Amino acid sequence: MKSGKKETSINAIKDVSERIVKAGRELHDRGLVRGTSGNLSAKIPGTDTFLIKPSGARMENLKPEELVLVDLQGNKIRGETNVSAETPIHAAIYRGRKDVQAVVHTHAPTATAFGIAKKEILPLQIELFMLLPNGVPVVPFKAPGSKALADAVQKKVADHDAVILENHGIVTVGSTIEAACNLNEMVEEAAKIQFLVMMLAGRDAINLAELKKKFKM
Ligand SMILES: [Zn+2]
């Protein structure tokens, strides 16, 4: 019985590792990460542990065996490499939201620029509205890797699946690693669209109350 359970968990770790590696490559190919920036993690189903990208690794070159197994306090359980510097954010999100199975952090350029301009991303387009009806708020700046940043992100993620970190990047969550990656890409696209709208028609062209009425019809 016990060894059966162990086998299940080894298989689960293998499955999650392979999906993280694939997701890392796709984040790079979609232009959401460059250099060694960004990190991603996914929970091992049925456990209070998650696998996370190691510090200093490039997303497009991740190897399943170099991912680090961590508990929900952010402590390393298994792995030769150092955990990503933003592990406290990932752990805090998993502690706060039982439904979240994956977390993706990137410096997607347009969405990151919104965080520097201290502007939230609004759900202006119908599909984004359905996914993120509350938009993508900006979490005020705190030092990367700090407990203060992890706490602030945990609080905002309680009712938002995507947040912008001021002067830093974005964080998206999902029920699978693929969903969290797709949301990251959608947030970047939404930032580009909102930027174009503001260039074309100015801030006054955006009336959220009217949009909500229109989309709920
Ligand atoms: Zn970062």
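Q: What spacing do the donors of the zinc ion follow along the chain?
A: In this predicted model, the protein donors of the zinc ion are the NE2 atoms of His105, His107 and His168, lying 2.1 Å from it. Read along the chain, these donors follow the spacing H-x1-H-x60-H.

Q: How many residues apart in sequence are the parts that His105 and His168 tie together?
A: His105 is buried at a relative accessible area of 2%, and His168 also counts as buried, at 13%. His105 belongs to strand S5 (residues 102–106), whereas His168 sits in the loop between strand S7 (162–165) and strand S8 (169–174). The pair therefore ties together parts of the chain whose separation in sequence is 63 residues.

Q: Which residues of helix H2 are buried?
A: Helix H2, spanning residues 87–96, is mostly covered, since seven of its ten residues are buried. Gly96, which is also found in helix H2, is partly exposed, with a relative accessible area of 46%. The buried residues of H2 are Thr87, Ile89, His90, Ala91, Ala92, Ile93 and Tyr94.

Q: Are the rings of Phe50 and Tyr94 stacked, edge-to-face or tilted?
A: The count of aromatic pairs comes to two. In the pair formed by Phe50 and Tyr94, the ring centres are 4.8 Å apart and the planes stand at 50°. Planes under 30 degrees apart would count as stacked and those over 60 as edge-to-face, so the pair of Phe50 and Tyr94 is tilted.

Q: How many residues apart are Phe50 and Tyr94, and which elements hold them?
A: Phe50 counts as buried at 0% relative accessibility, and Tyr94 is buried with a relative accessible area of 0%. Their pair links distant parts of the chain, with Phe50 in strand S2 (residues 49–52) and Tyr94 in helix H2, and the two residues are 44 residues apart.

Q: What is the nearest side chain of opposite charge to Glu188, and how far away is it?
A: Glu188 lies in helix H6 (residues 177–201), and it is buried yet has no salt bridge. A salt bridge would need a nitrogen and a carboxyl oxygen within 4 Å, whereas the nearest side chain of opposite charge to Glu188 is that of Lys192, at 4.3 Å.

Q: With which side chain does the side chain of Glu188 make a polar contact?
A: Leaving aside residues up to four places away in sequence, Glu188 touches Leu32, Ala108, Pro109, Thr110 and Ala111. The side chain of Glu188 makes a polar contact, at 2.7 Å, with the side chain of Thr110.

Q: By what distance are the C-alpha atoms of Gly202 and His90 separated?
A: Gly202 is found in the loop between H6 and H7, and it is partly exposed, with a relative accessible area of 23%. Gly202 and His90 are 112 residues apart along the chain, and the separation of their C-alpha atoms is 36 Å.

Q: Which residue forms a salt bridge with Asp99?
A: The structure holds eleven salt bridges. In the one formed by Asp99, the closest N and O atoms are 2.8 Å apart.

Q: Which residues do salt bridges that share partners join into one network?
A: Glu26 forms a salt bridge with Lys22, with the closest N and O atoms 3.6 Å apart, and the side chains of Arg30 and Glu26 meet in another, at 3.1 Å from N to O. Being four residues apart in helix H1 (residues 2–29), Glu26 and Lys22 are separated by about one helical turn. Glu26 is partly exposed at 30%, as are Lys22 at 48% and Arg30 at 30%. Salt bridges that share partners join into one network Lys22, Glu26, Arg30 and Glu185.

Technical notes
Residues numbered from 1 in each chain as written. Predicted model: local features only at pLDDT ≥ 70, side-chain atom pairs only at ≥ 80, totals over all residues. Heavy atoms only, no water. Donors = N, O, S within 2.8 Å, 3.2 Å for Na, K, Ca; no water. Buried < 20%, exposed > 50% of the residue type's maximum accessible area, 1.4 Å probe, protein only. Phe/Tyr/Trp six-rings, centres within 6.5 Å; stacked < 30°, edge-to-face > 60°. Lys, Arg positive; Asp, Glu negative; His and termini not counted. Polar contact = N/O pair within 3.5 Å; in protein donor to acceptor, adjacent residues only side chain to side chain. Contact = heavy atoms within 4.5 Å.
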